[in-house]
Amino acid sequence: MKDTGIKIAVYGQGKMGLPLAQVIAQYYKVIGVDINKNLTENLNKGINPINDEPMLTELLEKNLKSKNYEATTDFEYAAQNSNIHIILVPTLIKENKPDLGLVKDVAKKIKEGLKRGDIIITECTMPPGSTEMLIPVLEESGLKYIADFGLAHCPERTMTGTAIRDITGQYPKIIGASDERTLKIVKEIYEKINNKGVIVMSSIVAAEMVKVFEGCYRDVNIALANELSYVCEKYKVNSEEIFNAANSQPYCHIHKPGYVGGHCIPYYPWFVIDENTELMRTARKVNENVIDRLIMKVIEGLNECNVAIKDSNILILGLTFRGDVYEFAHTPAKPFIEKLKKFNLNIYAYDPLCKEEDYKRFEVEEFKDDFKNIDCVVILTDHKEFYKIDWSKAGREMRNKVIVDIRGIVDESKAKLSVLKL
Ligand SMILES: NC(=O)c1ccc[n+]([C@@H]2O[C@H](COP(=O)([O-])OP(=O)(O)OC[C@H]3O[C@@H](n4cnc5c(N)ncnc54)[C@H](O)[C@@H]3O)[C@@H](O)[C@H]2O)c1
């Protein structure tokens, strides 16, 4: 490999930082930095903790072998031995307000090894204006912004389970940089790893907004789909049929109704919501209220079978927030179970990715493949395994046949069952 002089440290070796580091390490020397010692030790042995990320294990092994990647908890070593510093640690929301404590913490550590010519890139989703809030922290090094070091925001546009695919070329990379030199270098790096190229924004703030707006767009549109599906319910018509027909016209893109989970979309609107952004605030509320609609569906379904919810046994299929990904961030299962518990009923759950401790944490009993005492099944996650269930057989076995499916898993005609949807 030609020595470009570029050495990159990626701070945060989690679900996003680790795949990014592995992709970059095919072209440049990379140091993966994390506060978790156990994690960095395992990574140096080639043990990949993220099993549901295709190609990640192979890339990690390849990059360790070529000595292009090493992991460490030693921030000073990483900062001193790299000139491009990519921050990819969680940006959190506390009481609906952004908490950038972790990002600032990393910036303080980078400052200790900052050198003339270095570039700091934030990849984690940032509220508009917050990457530049790192300038005073970095200037404590004695170096001057732009004259001595550059800054850029290049937001991660991916999700767990498809990270490598997305980083290498599903969508163009967004870049907002402090100055021409920084832009040139950052562009060179991302053009190398991403075959869809880059979109250069006029400023760092503009780049921050792109990622936040993507999340706001999804959130508001899912809220609209939720409201429209409520209207369909009122008129007793199938929302899917209406949405599909409406979307055959190019100006209409009605989304799928449902609960908004994960650590991105339910949080990022709060980065920009204020007293003048009523639509986004309402959308958040509408999307959270889906849980109440689900509870009502369970109650109504059971009522039709003359079963009171308090006397019922309910089976929840899916505890993770997304199909085939072991991740619980803002999962619908949490508020749904909390609300169901108020009725003092028996809650069983099954999730092909969950371990004993997960069932314990959710305080539900693990379902053991016996539908005989189940009155109601609620499908919350679209795990592939759920499509393989013989729903017609399961329905025949169930004590009462109430099925609430918010993921479109059960084929009603095949299963000869009536299914409640959103
Ligand atoms: N997960 C996603 O699907 C996704 C998608 C798009 C964007 N993002 C963005 O990426 C960010 C990171 O998400 P993730 O999924 O990788 O999180 P994660 O929880 O999987 O990993 C975070 C990692 O950062 C480490 N860490 C925490 N504090 C640190 C510190 N001070 N210094 C160094 N390391 C530290 C943790 O030990 C952990 O390994 C998110 O907050 C979000 O802004 C995530």
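The exercises below concern salt bridges in a predicted model. Local features need pLDDT of at least 70 and side-chain atom pairs count only at pLDDT 80 or more, while totals for chains, interfaces and linings use all residues. Residues are numbered from 1 along each chain as its sequence is written, and side-chain values use heavy atoms, with hydrogens and water left out.

**Exercise 1.** Find how many salt bridges a search of the whole structure gives.

Solution. Step 1: apply the criterion, a side-chain nitrogen of Lys or Arg within 4 Å of a carboxyl oxygen of Asp or Glu. Step 2: the search of the whole structure gives 28 salt bridges.

**Exercise 2.** Describe the salt bridge of Asp148 and Arg116, and state whether each residue is buried or exposed.

Solution. Step 1: the N to O distance is 2.9 Å. Step 2: the pair links distant parts of the chain, 32 residues apart. Asp148 is in the loop between helix H6 (135-139) and strand E8 (150-153), and Arg116 is in the loop between helix H5 (101-111) and strand E7 (119-122). Helices (H or I, at least four residues) and strands (E, at least two) are DSSP runs, numbered from the N terminus. Step 3: buried means under 20% relative accessible area, exposed over 50%, and partly exposed in between (1.4 Å probe, protein chains only). Asp148, at 15%, is therefore buried, and Arg116, at 63%, is exposed.
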